[in-house]
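Dear colleague,

Please find the structure below, handed over for your own work. The findings follow directly after it, beginning with the contacts between the chains and ending with the ligand.

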Amino acid sequence: MTKQRLVVVGNGMAGARTVEEIVERGGMERYDVTIFGEEPYGNYNRILLSEVLSGSHDPQAIFINALDWYAERGITLHAGVPADNIDRADRVVRGGLVHEPYDVLILATGSRPLVPRLDGLHRADGKWKQGVFVFRSLDDCSRIAGYAKGRARAAVIGGGLLGLEAARGLLTHLPEVHVIQRESTIMNLQLDSRAGRMLQTTLQDMGIQVHTGTATTAMLGREKVSGLQFESGEILDCDMVVMACGILPNVQLARDAGLAVERGIVVDDQMRCVDDPNVYAVGECAQHRGQVYGLVAPLWEQARVLAEHLSEANPAATYEGSRLYTRLKVMGVDLATMGAKDSDDPEDEVILYSEPSRGVYQKLIVRDNQLAGAILLGDTAAASSLVQLFDRGTPLPQRRADLLFPSGATPAVTAPEQLPDDVQVCNCNGVSKGTIVASVKSGKRSLSAVCAATRAGTGCGSCKDLVRRITEWASDGQLEEDVTAHYYVPGVPLAKPELIAAIKELGLRSVSAVFGALTGGLEDAGSKTGLASLLKTIWGAEYEDERDARFINDRVHANVQKDSTFSVVPRIYGGVTSSAQLRRIADVADKYNVRMVKITGGQRIDLLGIAKEDLPGAWQDLDMPSGHAYTKAFRTCKTCVGTDFCRYGLGDSTALGIAIEKRFQGIEAPHKMKLAATGCPRNCAEATTKDLGAIAIEGGRWELYIGGAAGSTVRKGDLLCTVDSHDDVLRFMGRFMQYYREQAKYLERTYSFVERIGIERLRQALVEDRESICQRLDAEIEAAVRAYEDPWREGRAPLHRHQFVSTLPAGDAGERLAAVSA
Amino acid sequence: MMRVLPNQRQPAAVRSEGAFNLGPPGQIPIGEAREFDLPGQRVAVYHARDGRLYATQASCPHLGGKLADGVVGGAVVICPLHGYRYDLRDGRVLNGACDRLRTFPVWLSTGGDVMVQLEV
Ligand code: SRM
Ligand SMILES: Cc1cc2nc3c(=O)[nH]c(=O)nc-3n(C[C@H](O)[C@H](O)[C@H](O)COP(=O)(O)OP(=O)(O)OC[C@H]3O[C@@H](n4cnc5c(N)ncnc54)[C@H](O)[C@@H]3O)c2cc1C
Ligand code: SF4
Ligand code: FES
């Protein structure tokens, strides 16, 4: 196949990123790539210019791709050569003396600063007065910094995001900086007026003087600027001016070429120009579904879609627009905003929290139980979780305050920038903040890539949120969404509902069949256990079990220990045992040289340090069923002594606990389920912090809680319903379990699941039966209960003669084991 | 019937001292691995689902996990203890930083037995 000629105009963030994405998808096989870049450099991270101006980043440090990156990949870059003209009839782009024919053309010309009409901006020779700047490129940045040296006072026209960042940067070069804002508050596009005023106070405390409601009319001075004049007639003397009044898409080239241009170059969902199938536009110059974007996150998305399309990695990829999230990168100011800033709809809920003395102002706008907008000023700890809710339109928890102040009394979360570099973030793997930041700087672009490279967040997972926030912060908004994060397992590119549909439609009953049909036979080690769990839930008895798809614990029905021996936890229903049972346990402990006998935190007994070979013998001698302490399944039901003995007992929690355990033992689920039944609201069995918990209350009734936790996360469960009998407790518990089995993601504990779905919806589905699924759920869990078999019986009839063999001795490989003579 | 694709041919120079016959591949359940106690050395032998065989040192360089108890997929094993992943073809660690696993040539003898060549 002869290669097609791909020409890109604009080597900024969108243009270069698109090329990078095409390269990553093997697109260089298909295209000869040529880029026109007006700026005489490789590609740099424009959003870090604010940091360069404030001196916290070296200009060299913001380059994403230096010139040799292009050369190494065989990409022709005309650096410093603006494209002047596109001849669509002949399919040629011309820039100075360079003529480049194209088959496919991408326009990524970005924006240019909007320059307000001001008297006295120009000198007699038509050029701008000395000391007047815009702030868009690396060259602008060095000119501003150079000019500021030794001067006393600067003014920035424009109190938006860019103006404020410029002002903060100037403050490191000059003693006095003024911001002139025509509107009555600053950052009026993102902030409501209260937040705007509060931010103004914060900035003024930092030494930036803000003048709102002040329209600039003229620039003073002869050759050099010497001041600004305002509509009120007032004058501000200053030595330099930076104009940050907004941006305009750079569309002249496209317009001259006769392409459809409104505010930006009009494109469809593949970023293709509507009137020329060979021309695409991406980034700030593009107008998609009426929207022109001025932030990087949307254009990453656009670049990815365009690359998928052009490289044919996924020709059907579509861009569907982005939801906007903004963060101000001004040192010492925490500010994040998303979506709507004000609400005029009386149906909206507005949640406000304000603490002026600390400069904290937080506002949420909730519409149809989804987050429609948020302003977080002074404290952005909640920003990353809110962005996710906002982005995905997830239903919100009922207690809205939990959005800002997660319950569970976790200490207030610190902002990433405030943490010292050597602080240990991942306490399981000992990964510091510095290591995570270094990994991002070395080019890891997604959370999963950072986690895989540093191992942060791969232990108990409780630091994952902090790792995400650090990664987001360190990548300056360049974080890529993990596509795999939406997949059920990383190795099969489908989300859970699509995966289930495919499995059912194609009748895939084993893990190897799934790989065979959905990944072209490519087996992914990290996906096997998750698939096994899902298939088991989908097919029940029809599931074709392949033992190699199980984790070692599930292959030998015991929990692997650090020395590769195993622990054995027999089931002790409801925590109630007997002297005979205890004697048997003691005998087993002696016979198999158990290293420790321990009462577990789950109210039963653990025999630790049993060799794999001894497992079948130990089980047989115990003559007790498996406690499933090793698998993602129903674990235990803790109980308290209840009515038979306790003077406060209101309900027979022991009998209920035993009944629960007998019924649900061994029921597999996306993650483990730990239960409790407790005899009165004193809650000695801790039922409110269990995956499912029942609490007896006065009047012979039981409260049923779901989604509680007291492990790496602490969460009080939500009350699902209050019922009258043990049978009803079992019924609703089973119903919830089945719903969780079907709907939860692999390894999603109920505390996340209930939070994600929302108790209100769960109640509607499981108690009110609004979706008419209860009968089916009840029947399915009943079938699962009936299918239960004690896995320890396998000890008597192993599936493979080496199922419980840990090391094959030299002799066992057959007498034939011998040195071979060649 | 089990299908076995020997992924490595017998090394050109088999040194008779170091080559061992481990018996038929069916001793290792398909898709799993088992540890073999060979003179002076424990070796994990993997029997991948596609029929390919691999052999590496038996214990994980991280904290000694028993690699034969790991999950095997394609040419990757995941250590059962802390989830380090290794490429079975060259022993390279795929997540985080860990020493490379020693790997050993493994092939099927003409009689269909698993053969492994140890370093001597
Ligand atoms: C044995 C036991 C500790 C003890 O000596 O008491 C224990 C031992 C382990 N826990 Fe636990 N947990 C034990 C009670 C608990 C409890 C308390 C309870 O069950 O009431 C909790 C808090 C409740 C909860 O589950 O959230 C608990 C929260 C965890 C967690 C954190 C789960 C979370 O998402 O918050 C993990 C890690 C995980 O699941 O990923 C964990 C994981 C583990 C593992 C399985 C780690 C592993 O994968 O190897 C430990 C196995 C040791 C072994 O080989 O036996 N263990 N663990 C307890 C067994 C209870 C039982 O009889 O089944
Ligand atoms: C100081 C600053 C701070 C910012 N901070 C943030 C932030 O925190 N978060 C955020 O999301 N966004 C931020 N932005 C906005 C972000 O930088 C832009 O959204 C992004 O750069 C747009 O990418 P683009 O490729 O469309 O345009 P650009 O990056 O501007 O790239 C366009 C390129 O095309 C070149 N070009 C134009 N015409 C031609 C031609 N005819 N021939 C050849 N080349 C041409 C231009 O020289 C330029 O290099 C910031 C911007 C600035 C200036
Ligand atoms: S038993 Fe639980 S808390 Fe103790 S070390 Fe193991 S996982 Fe951690
Ligand atoms: S011992 Fe293998 S990963 Fe820790």
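A salt bridge is counted here when a side-chain nitrogen of Lys or Arg lies within 4 Å of a carboxyl oxygen of Asp or Glu. By that rule, four salt bridges cross the interface of chain B and chain A. One salt bridge joins the side chains of Arg555(A) and Glu32(B), at 3.7 Å from N to O.

Please note that this is a predicted model, in which local features need pLDDT of at least 70 and side-chain atom pairs count only at pLDDT 80 or more, while totals for chains, interfaces and linings use all residues. Residues are numbered from 1 along each chain as its sequence is written, chains are lettered from A and ligands numbered from 1 in the order in which they are written, and side-chain values use heavy atoms, with hydrogens and water left out.

The interface

Chain B brings 44 residues to the contact and chain A brings 41 residues, contact meaning heavy atoms within 4.5 Å. About 3,300 Å² is buried between chain B and chain A, and carbon and sulfur atoms give 51% of that area; buried area is the accessible area (1.4 Å probe) that two parts lose on being put together, summed over both. In chain B, the residues that lose the most area to chain A are Gln27(B), Arg49(B) and Asp69(B), together 19% of what that side buries.

The rule for polar contacts (a pair of N or O atoms within 3.5 Å; within protein, one must be able to donate a hydrogen and the other to accept it, and residues adjacent in sequence count only if both atoms are side-chain atoms) finds 16 residue pairs across the interface of chain B and chain A, both residues at pLDDT 80 or more.

Strand pairing between the chains

Strands (E, at least two residues) are DSSP runs, numbered from the N terminus, and two strands pair if DSSP finds at least two bridges between them. Strand 41 of chain A, residues 807-809, pairs with strand 2 of chain B in the parallel sense over three bridges. Within this pairing, Pro809(A) stands opposite Asp37(B) of strand 2 of chain B.

The ligand

Ligand 1 is surrounded by 20 residues, the closest being Gln561(A), Thr600(A), Gly601(A), Lys672(A) and Tyr751(A); a residue is included if one of its heavy atoms lies within 4 Å. The side chain of Gln561(A) has an N or O atom 2.3 Å from an oxygen atom of ligand 1. For Thr600(A), a polar side-chain atom lies 2.7 Å from an oxygen atom of ligand 1, and for Asp606(A) the corresponding distance is 3.3 Å.

Yours sincerely

Definitions and conventions: Helix = DSSP H or I, 4+ residues; strand = E, 2+ residues; numbered from the N terminus.
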